[in-house]
Amino acid sequence: MRQVTQNLVPLASEGMGQIHLQRPTRHPNVFRKRVGRTSGDIQPGDWVSVHATTADDGSEIEPALFAYGLYNPKSEVAVRLYFWKQSLPNESDWDALLDDALQLRHQVLRLPETTSAYRLIHGEADGVPGLVVDRYGDCLSAEAFSLGMAQRAPELLEKIHRKIGTKHGLVRTSPQFTSQEGWPGWESKSEAFPAYATVHEGTVKYRIHFGTGHKTGFFCDQRENRAILASYASGKSVLDLCCYSGGFSVAAAKAGGAREVIGVDLDEEALVMAKKNADINDVRIRFVHADAFAYMRDMVRNGKQYDIVVLDPPKLIRSRAELEEGTRKHLDLNRLAIQLVKRGGLLLTCCCAGLLEEKAFLQVVQAAARSTGIGLDGIRTRGRVVQIFESRSASMDHPVATHCLESNYLKAYWARVL
């Protein structure tokens, strides 16, 4: 389904719907239960002016305008705030937001000098809640999480094209868009948008298949961990669990010079992409179509171990209702992965579920390390000493705004196993 785009800026203040909150807030996401009175004929996806009815000292005041946002009464996040000002937002305000985001990637991090694949807009952290935009060469690939941003993303991409010279744009709604926003998902792409793009990270090339890729097509958030893996991989055996399109596997083989690389994933389409990535880099990697749990259990039973094990599972916790089960899956995955590391070898274990906080994930790894005995799956494990020597989050083009710490979602531990 293709959705009609909406105006990027409010056309007029007169007649605009109003949202009343008890107190002003700097957090960009306003949940439905916090919304008080509304006024005006507000349609889902419309711009609204946001007013506070209580001062910071708790006293009641006449409703005071403090921000502008996009409204969707069907979403738990009913209002997403973009501009904290009392005058109507305009094109210059959007240009300033985009210029700030581009400056971080281009002038501060200088990413185009080393890669052609990186995140340009990271949602709330860049002042654009409900939208992420990644660059893959001449292509911009966006994922929208809110109705208002999905409607306006094509126009935002056009602005970015004019600023940095990219040519093609794709907007997709997130997999949970329908359940979270109450609207059917859709996709919008520019004319002649290619089926794939070939990008590079240093000496490593990756082919991004837009028709089958998860998220925006690739996992730019693991760029720095791929480089770290390459620095350790020379002459080593590497097991890449949940390898998806082979990001870690190819980096270990091509940039790292690993002696042996095995990539495991249950997604057949992902493995087709992984094999293609190995081919275009002229490296030999053994890709295995298997469930990571089943594969690890077999390897543990056979006494197989590796110099380096990478455990980067997909998002296992998408709601609070899945927190307990998802945490248990992370525990089981880590319990098995630790058994597969040679003494003195390395483990990279990751969690991309924002609902599993860093302290809780650390406790998962701790519990997995000390696990001894026979688990429910019949696998005998023994406690091992795990030394975490580096803790990382997403790559630097995925910043975290201090007024919205929820944007810090990825947790990654580099550890030595004894």
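This is a predicted model: local features need pLDDT of at least 70, side-chain atom pairs count only at pLDDT 80 or more; totals for chains, interfaces and linings use all residues.
**His-330**

I started with the contacts of His-330, taking contact as heavy atoms within 4.5 Å. Leaving aside neighbours within four places in sequence, His-330 touches Pro-313, Leu-316, Ile-317, Cys-350, Cys-351, Leu-356, Phe-361 and Val-364. The residue sits in helix H8, residues 323–339; helices here are DSSP runs (H or I, at least four residues), strands are E runs of at least two, and both are numbered from the N terminus. His-330 has 1% relative accessibility, so I logged it as buried. My cut-offs are under 20% relative accessible area for buried, over 50% for exposed and partly exposed in between, with a 1.4 Å probe and protein chains only.

Residues are numbered from 1 along each chain as its sequence is written, and side-chain values use heavy atoms, with hydrogens and water left out.

**Arg-105**

Next I looked up Arg-105, which is in helix H1 (residues 91–108). Arg-105 is buried at 0% relative accessible area. Beyond the four places either side in sequence, its contacts are Arg-110, Leu-111, Pro-112, Tyr-118, Arg-119, Leu-120, Ile-121, His-122, Asp-126, Asp-397 and Pro-399. I also checked Arg-105 against Asn-7: they are 98 residues apart along the chain, and their C-alpha atoms are 27 Å apart.

**H4 and H5**

Two packed helices are described by the angle between their axes and the distance between the axes. For H4 and H5 I got an angle of about 35 degrees and axes 8 Å apart. The axes are lines fitted to C-alpha atoms over the stretch in contact, and angles run from 0 to 180 degrees between N-to-C directions. The crossing is right-handed, i.e. the near helix is turned clockwise from the far one by less than a right angle.

Which residues meet? From H4, Asn-225, Arg-226, Leu-229 and Ala-230; from H5, Gly-247, Phe-248, Ala-251 and Ala-252. That contact divides into 5 nonpolar, 2 polar and 1 charged. I count Ala, Val, Leu, Ile, Met, Phe, Trp, Tyr, Cys and Pro as nonpolar, Asp, Glu, Lys and Arg as charged, and the others, Gly among them, as polar.

Helix H4 (residues 223–232) has 7 of its 10 residues buried, so it is largely enclosed by the rest of the structure. Helix H5 (residues 247–254) has 7 of 8 buried, so it is largely enclosed too.

**Positive phi**

Ala-192 has a positive phi of about 65 degrees although it is not a glycine. Ala-192 is in the loop between strands E11 (187–189) and E12 (196–201), and is exposed at 60% relative accessible area. Tyr-244 also has a positive phi, near 55 degrees. Tyr-244 is in the loop between strand E14 (237–241) and H5, and is buried at 8%.

**Cavity**

I found 1 cavity of 30 Å³ or more. A cavity is a set of points on a 1 Å grid over the protein atoms alone where a 1.4 Å probe fits but cannot get out, and lining residues have an atom within 4 Å of a point. Strand E6 gives the most, 4 residues.

Terms used:
On a 1 Å grid over the protein atoms alone, a cavity is a set of points where a 1.4 Å probe fits but cannot get out, and a pocket is an open set with protein on both sides within 12 Å along at least five of seven lines; lining residues have an atom within 4 Å of a point. Grid points are joined across faces, edges and corners, and a volume is the space filled by probe spheres set on the points.
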